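Here are my notes on this model, as numbered points. Please read them with the coordinates open.

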Amino acid sequence: SMNMLFYVAIHYLPLGAAVAIEFAGPAVVAAWGSTTVRARVAVVLAVLGVLAISVVGLRWDAEGGVGPLLLGLLCAVAAGAAWAWYMVLGGRIAVVRDGRSSLAVGTAVAAVVLAPLAAPWAGPLLGADAGIWIAVLGVGVLSSVVPYLLDQVAILRLGTAAFALLNALLPATATVIGLLALQQRPTVGEIAGLVAISVAVALTPRRRVGQAGVDGG
């Protein structure tokens, strides 16, 4: 569900903006319930970052109207909420099961459950050439299988603090990719929101490996 919502979001929003907004969900969850000043600052920065991107950063007067941008914004926020939920569930599961085997089971179940929902949009693929099929398979592998598996390996090798810090760089990475590959030039509001959310991710409390935190995504 998180990935499907994210794909809709990047159809209407710049890549960097969508990634940054999605990251706000995990940052808030990681800091939620903590009474430290650092955690409270992280929550405030995450919220301000989303507002900076959505209110100031997006080009609401662009051709196409407000509707598509609003839909993209709502999907990006929903994707962040789904990611946060994944973190909480993943933290609970990791206590009693191996993370990689649980990931394999969860991905298989998700594919079966979501297949009927995605079927109405799969029609054009039936008559598509091999290049389209390869691209679709590539998206599936590169968006789910590879990154989640690497997450499980990286956090064990790097530790939660280093892993969280590197995660904080991902919105900036997405913005650079959007600029170079898609010619999406970020606005001042987008950059300000991206920086705020990245700092929020870096400030979120560090928890033990296997617990819910920024290590979940």
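**Notes on the model**

1. Q183 counts as exposed, at 58% relative accessibility. Exposed means over 50% relative accessible area, buried under 20%, and partly exposed in between, with a 1.4 Å probe and protein chains only. Q183 lies in the loop between α9 and α10. Its phi is positive, about 55 degrees, although Q183 is not a glycine.

2. On provenance: this is a predicted model, in which local features need pLDDT of at least 70, side-chain atom pairs count only at pLDDT 80 or more, and totals for chains, interfaces and linings use all residues. Residues are numbered from 1 along each chain as its sequence is written, and side-chain values use heavy atoms, with hydrogens and water left out.

3. Overall fold. The chain has ten helices and zero strands. Helices (H or I, at least four residues) and strands (E, at least two) are DSSP runs, numbered from the N terminus. Of the 217 residues of the chain, 37% count as buried.

4. Helix α9. This helix has 13 residues. From first C-alpha to last, α9 reaches 17 Å, close to the 18 Å expected at 1.5 Å a residue. The expected span is 1.5 Å times one less than the number of residues. Q183, with its positive phi, follows α9.

5. Faces of α9. Which residues of α9 are buried? They are P171, A174, T175 and G178. Seen down the helix axis, the buried residues of α9 fall within an arc of 100 degrees, so they line one face of the helix. The arc is that of the directions from the helix axis to the C-beta atoms. An α-helix has 3.6 residues a turn, so residues three or four places apart point the same way. On the other side of α9, L180 and A181 are exposed.

6. Cavities. The structure holds three cavities of 30 Å³ or more. A cavity is a set of points, on a 1 Å grid over the protein atoms alone, where a 1.4 Å probe fits but cannot get out. Points are joined across faces, edges and corners, and a volume is the space filled by probe spheres set on the points. The largest cavity has a volume of about 50 Å³.

7. Lining of the largest cavity. P14, G16, A17, T175, G178, Q184, R185, P186 and E190 line the largest cavity; lining residues have an atom within 4 Å of a point. The elements that give two or more residues to this lining are α2 (15-31) and α9 (170-182). By class, the lining has three nonpolar, four polar and two charged residues. Here Ala, Val, Leu, Ile, Met, Phe, Trp, Tyr, Cys and Pro count as nonpolar, Asp, Glu, Lys and Arg as charged, and the others, Gly among them, as polar.

8. S198 in α10. S198 is found in helix α10 (residues 188-203). It is buried, with a relative accessible area of 12%. A polar atom of the S198 side chain lies 2.9 Å from the backbone oxygen of L194.

9. Contacts across the sequence. V28 sits in helix α2 and counts as partly exposed, at 22% relative accessibility. L51 is in helix α3 (residues 37-57) and is partly exposed, at 43%. L51 and E190 are 139 residues apart along the chain, and their C-alpha atoms are separated by 9.6 Å.

Key: On a 1 Å grid over the protein atoms alone, a cavity is a set of points where a 1.4 Å probe fits but cannot get out, and a pocket is an open set with protein on both sides within 12 Å along at least five of seven lines; lining residues have an atom within 4 Å of a point. A polar contact is a pair of N or O atoms within 3.5 Å; within protein, one must be able to donate a hydrogen and the other to accept it, and residues adjacent in sequence count only if both atoms are side-chain atoms.
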